[in-house]
Structures are given as C-alpha cells and as structure tokens.
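Subject: Structure handover

Hello,

Here is the structure for you to look at. My notes on what turned up follow below.

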Amino acid sequence: MESFTAPQRKKPEATFTKMAKSKNSHALSLLLPFLFLTFVRTSQGGDIAIYWGQNGNEGTLSEACATGLYSYVNIAFLNKFGNGQTPEINLAGHCNPATNSCTKFSAEIKYCQSKGIKVLLSIGGGAGSYSLASPKDARNVSTFLWNTFLGGKSSSRPLGNAVLDGIDFDIELGSTKNWEHLARFLKDYSKEGKEVYLSAAPQCPIPDRFLGTALNTGLFDFVWVQFYNNPPCQYVDGNITNLVNSWKRWTSTVPARRIFLGLPAAPAAAGSGFIPANVLTSKILPEIKNSRKYGGVMLWSRFYDVQNGYSSSIVDSV
C-alpha cells in the first residue's frame, strides 16, 4: 500500500531513451528488472471493498474471495452491542449464531486471508440496537470485540477461531458520542502483535454526524465514504460535480490512510446514487484517482454485485 504514496517517477520509456543514447547495453540490462517493477508499482490502481453477510443468496464468503475481485471484505453486521446489551451478530440467511452455526465461516475467513484479503467485522448498520454510553462502555465493547473476533480468547466466538483483521464502523444509529474512544481502545490492541485495522463507512455529507470526531483521530486505515442516499454529495442525472467536490473535501481534510468511493453495486442496492459502470470508469475515476489518498471503490453489497456484475465491469479501471 505504501507504493501509492511514493513520489512520481519518470516514465520508463523516457529512461529507456536516455539509456539507449548512452549505448551502455550492459547497464540497461541490469536496470530493466528495476524499471519494470517501477512501472508496475506506479501504474497500479486501487482496490475494491465489499460488504458480505446480509443476504443468504449471495453465496459463501469463500466464493466471494475466490473471484479475485475484492481486497477487503466486511462481514456485516454486529448490530446489537453497547449500553449493557448482550452483543448479537446478524448474518441474515447465512447462519444462526444461537445454534453456533456461524462457526463454519472460520475456515472461509482463513481462506480469504490466505489470498491476501483483509476480512473485517462491520459493527452497526442501518438496523439494530447499538450505542456507546460512555468511554467506559467503549472500553467494554472493545474488550468484547478483541476477545470474541480478534486476537483475544473467549469461550464464545461466533465465527470460530479465525482472527479477523479489524473492525469496520458502519454507525448510522444510536449515540453520536464515544466512537473515538472505541477506535483508540481497539487500535491499542495492535501492540499485542497483529495489527488491528480500522475502517469506517460515513455518509458523504461532511463532517459525518456519528463518526466525524472518531475520524479526526487519524486512527482509521480505510474510510469508504457512502456516496449514495445523499443527493447533495452524490452523482445525480449525469452531474458529477457535487460528488467530485465532496471527494476533494474528504481527501483534503480527513486524516485517514486511504479513502474509498462507496457506491451501490446495482440500482436496487440503494435509494439513490447508483452510477453506471461506464460513467464511473470514464468520468469519475479519472477525476478522483489524482488524490494521494485514493484507495479504490467500496460496494454495497456482495448480493447486488453478484446480480449486476458491477465489480467485474470496473475492476480494470479501479
């Protein structure tokens, strides 16, 4: 990932010309492998992140990872936690945590990770019961997440013994406070050995009502901004201006490592904001990829992506 922020190098073709003029074929042969790697590193684009878990007809987790389309998979959602509640994970038609049937995904998580894909647990969502009553409550939730899904230990691990790569904050309900404390407590667990990645899915109006303060901590590795269901800052009827302007604000003011363009994978995936693939690849991506924080595209969700083939049609341009 660090290569995205490397300073721009001269195009290999220009270097080839200079070397040819020197007539030093031996030196050229020594430099060729380096020049090839330089070209690859500076020419690669971003990645695709996907949400999986909210439709039993979207296929298995391992099937999603086997496509080679995604670099990040958010398992959605842990939609009940905080304020003294017993946490609950809801994976729609995939499994029933009450019968311990979700542990079957442990092997699939490990399979995804073996392919270099980062798998995160998404907490929150558009429906559920969650909030953080205080910094102490945030610490309690962080301890639960560490022991139950990350590198800690618990007698009850709904997804089995697989160690997830991090936590995704998709906070759309409940309290607007204390999320920055949860982020700090979770990031502190990186000191235990394996890095705990943090991601977030704020709405495109800036600052985000729920996560604005948390994002300002600079602790988030990946921020996939939802540029849909928000007409003032999304693509509307061929007009990309509001989206591009909002993107520039996000990438210039939010201290995150990588920022992603969050989109619906099909018209039915959101109330508004769907962007036809040809518009995205020809008009929008060329505009936003200039940012050094550009990370790629996030899609909601795997189910709609299977139906519409959206990621397949954009992956070469992302």
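Accessible areas here come from the Shrake-Rupley method with a 1.4 Å probe. On that basis, the surface of the protein comes to about 14400 Å². Carbon and sulfur atoms hold 51% of that surface. Please keep in mind that this is a predicted model.

First, the overall picture. The protein has 11 helices and 10 strands. Of its 318 residues, 50% are buried. Among contacts with a separation of 6 or more, 72% are between residues 24 or more positions apart.

Next, the charged pairs. Side chains of opposite charge can pair when their charged atoms come close. The count here is six salt bridges.

- Asp-165 and Lys-194 meet at 3.4 Å, N to O. This pair links distant parts of the chain, 29 residues apart. Asp-165 sits in the loop between helix H5 (135–149) and strand S6 (166–171). Lys-194 is in the loop between helix H6 (179–188) and strand S7 (197–200). Asp-165 has a relative accessible area of 9%, so it counts as buried. Lys-194 is partly exposed at 41%.
- Glu-195 and Lys-187 form a salt bridge at 3.6 Å, N to O. Glu-195 is partly exposed, at 32% relative accessible area. Lys-187 is buried, at 16%. Both belong to a network of salt bridges that also takes in Asp-221 and Arg-257.
- Glu-88 and Lys-80 pair through their side chains, 3.6 Å from N to O. Glu-88 is partly exposed at 41% relative accessibility. Lys-80 is partly exposed too, with a relative accessible area of 26%.

Best wishes

Key:
Residues are numbered from 1 along each chain as its sequence is written. This is a predicted model: local features need pLDDT of at least 70, side-chain atom pairs count only at pLDDT 80 or more; totals for chains, interfaces and linings use all residues. Side-chain values use heavy atoms; hydrogens and water are left out. Helices (H or I, at least four residues) and strands (E, at least two) are DSSP runs, numbered from the N terminus. Buried means under 20% relative accessible area, exposed over 50%, partly exposed in between (1.4 Å probe, protein chains only). Contact means heavy atoms within 4.5 Å. A salt bridge is a side-chain nitrogen of Lys or Arg within 4 Å of a carboxyl oxygen of Asp or Glu.
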